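Subject: Structure handover

Hello,

Here is the structure for your files. My notes on the domain interface follow below it.

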Amino acid sequence: MERLTEIRWHGRGGQGAVTAAKLVAETALKQDKYFQASPEYGPERMGAPIQAFTRISSQPISIHCAVTNPNIVVVLDKTLLSVVNVTEGLDPDGALVINTDMTPAEVRSSFSIEGHRIFTVDANKIAVESIGKAIPNTPMLGALLKATGIMDIDKVAEHIRDSFGKKFSREIIDGNVAALTRAYREVRSE
Amino acid sequence: MPKTVALTGNSACAQAMRQINPDVVAAYPITPQTTIVEEFSTFVAKGLVDTEYVTVESEHSAMSACVGASAAGSRVMTTTSSQGLALMWEVLYIASALRLPIVMHNVNRTLSGPINIHCDHQDSMGARDSGWIQIFCEDAQEAYDTTIQAIRIAEDNRVRLPVMICFDGFIISHAIDRLDLLDDEVVKKFVGDFEPLISLLDTEKPVTVGPFDGLYGYFFEFRRAQELATLGSLPVIAEVGKEFGEVSGRHYGLFEPYKLEDAELAVVVMGSTAGTAKFVVDQLRENGVAAGVLKIRSYRPFPAREIAEALSGVKAIAAMDRSLAPGAIGAPVFQEIRSALYDNSARVPVIDYIYGLGGRDVPPAHIEKVFSHLAQIAKSGKIDQVVNYLGLKE
Amino acid sequence: MSWDIKSIKKWKVADHPVGSTIPVGGNALEYKTGGWRSEQPHWLEDRCTHCMICWIFCPDSSIQVKDGKMLGIDYDHCKGCGICATECPKDAIHMEEEEK
């Protein structure tokens, strides 16, 4: 793992981008890593484009600013591709993980993306089928883990069981873990 | 055993408040402070603390209730931000004049207008002459640690002054960070029991608090006595920081020098940007640039003599200000630094960099720019521009 | 520290108690407000029924009373507001010009 991995999350208010950024940070703690997870606060409304940032490192992190040159960009909503420049500042070798039913090649040609490694997964479909709601954050987390190998999926699943346990029913927790692992398997690369 | 956790800066401070278990908290929610009071009020509701939580209708009332509760002999805490601090303004002066050891978080956010809820230090600067001790924190760990230390500083008999713990809104308050929490018992022992100097409720020893100086003319002498207490808190802040280090392994001083011993170029900064500046210094050092950072922790009182000494060896200094002082020569940190250095025998060039107003992001590239400006000044010995603006579209 | 209001005008910076406090009770007695009067109440003892209405109304606790009987007026603290004279149902208090 690199000294500092920086992730930028693009989503719409209500899709759980902040929760996903938080889950990654909390799981990093279990692996004795250092991290920061920060939402970019603005006039938040359901459906409005939002960003969140996660930093992970094996060293303490002293930097306190927005992530402008991420190693990884996660897009929770394919409709953002035509609204937001999701590849802005993304490392040329960086990973772009998108929630869409398109293949990476289709995304690349439709949106004229050059460089980067593109990964896609139909997280909405997985979320609806596993959790019963189109909240794509946990399947996108699964796709991210597969695409980047930043953390062990079993550790993340374990953390979801631990942290969701206080707030949600068994059914919802199982659904989220199922969505996580299914997206991990189904993510498509180029 | 200390516990390593993933918490936002606000949650970390709420945990510190839980561990301190103050007698009274009177607070009014305001973004980005809200989650501190929100979490703390759940601790009250769950019976995890013995605190009397006073819900109030404004920050003016919050601070007034704190003043009353503290004068009655309670250990009192509150938290606020921005417009809330501004609304407390007149009562802040009363709290400090009555020498009430109230401890308050101020989650730094600018003052409107236009409406903006993001970070800068303008709110704290408005209260810098209110007689409160102001300690600025870099990250969630420091905000947590300083909350615990603030109780001891405020309640020390040599001090007996209110303490404001300042940390950056959203950047620290809402970011999840890794930090270590002390055991509840360790915090309880460290803060100890509160022994009030006076209590309005002690009928055996009746007192009058803050009486009218209409005819006697003692106000000037009284205020000077208060100022002396503020200055006298410097060694206490240092002592408590050291003692906290013995308990936690994390040592704190009046300010933090970072790679300053052999530095030629130095940036003086408060709050979260100090962390980004350290990151930049590490990179510059790899390229052979003798860069360093001086992070101010105690802004009020300002450890002028100690800071002047720490900066005596450098060739060029940039003070970084996350606030404006319209019409003044530069902003407050710059004024303070340049004034502190005036008595040094060598005249080191000092410039001001105003940055990050209204939450404007400060990436490492901006701080690199400051250092290259300093390198230029160190080389030529001449200051081209005293007051500069970082990341401003002009 | 001991509190002596008579010397407060001479207090130096170091003499002030912490937090602007008066650390003893009942010291309002030492602050004589009688000099503020322009009119002085006069008590006509033979008309007085000791009903205590003046004592209830006096804002400066300047009606001297012992064992339920009025004794007179505390001119060290009476500010001459005349409330006692107005309220007295027996016309037993009269306001007269203060003799300076």
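A polar contact here is a pair of N or O atoms within 3.5 Å; within protein, one must be able to donate a hydrogen and the other to accept it, and residues adjacent in sequence count only if both atoms are side-chain atoms. By that rule, 16 residue pairs are in polar contact across the interface of domain 1 and domain 2 of chain B (both residues at pLDDT 80 or more).

Some ground rules. This is a predicted model: local features need pLDDT of at least 70, side-chain atom pairs count only at pLDDT 80 or more, and totals for chains, interfaces and linings use all residues. Residues are numbered from 1 along each chain as its sequence is written, chains are lettered from A and ligands numbered from 1 in the order written, and side-chain values use heavy atoms, without hydrogens and water.

The domains: chain B splits into domain 1 (3-248) and domain 2 (255-389), with bounds from an automatic or database domain assignment. Their centres, over C-alpha atoms, lie 28 Å apart. Each domain puts 28 residues into the contact (heavy atoms within 4.5 Å).

The interface buries about 2,100 Å², 52% of it from carbon and sulfur atoms. Buried area is the accessible area (1.4 Å probe) that two parts lose on being put together, summed over both.

There are 6 salt bridges between the two domains (a side-chain nitrogen of Lys or Arg within 4 Å of a carboxyl oxygen of Asp or Glu). B:E138 also forms a salt bridge with B:K278, with the closest N and O atoms 2.7 Å apart.

Best wishes
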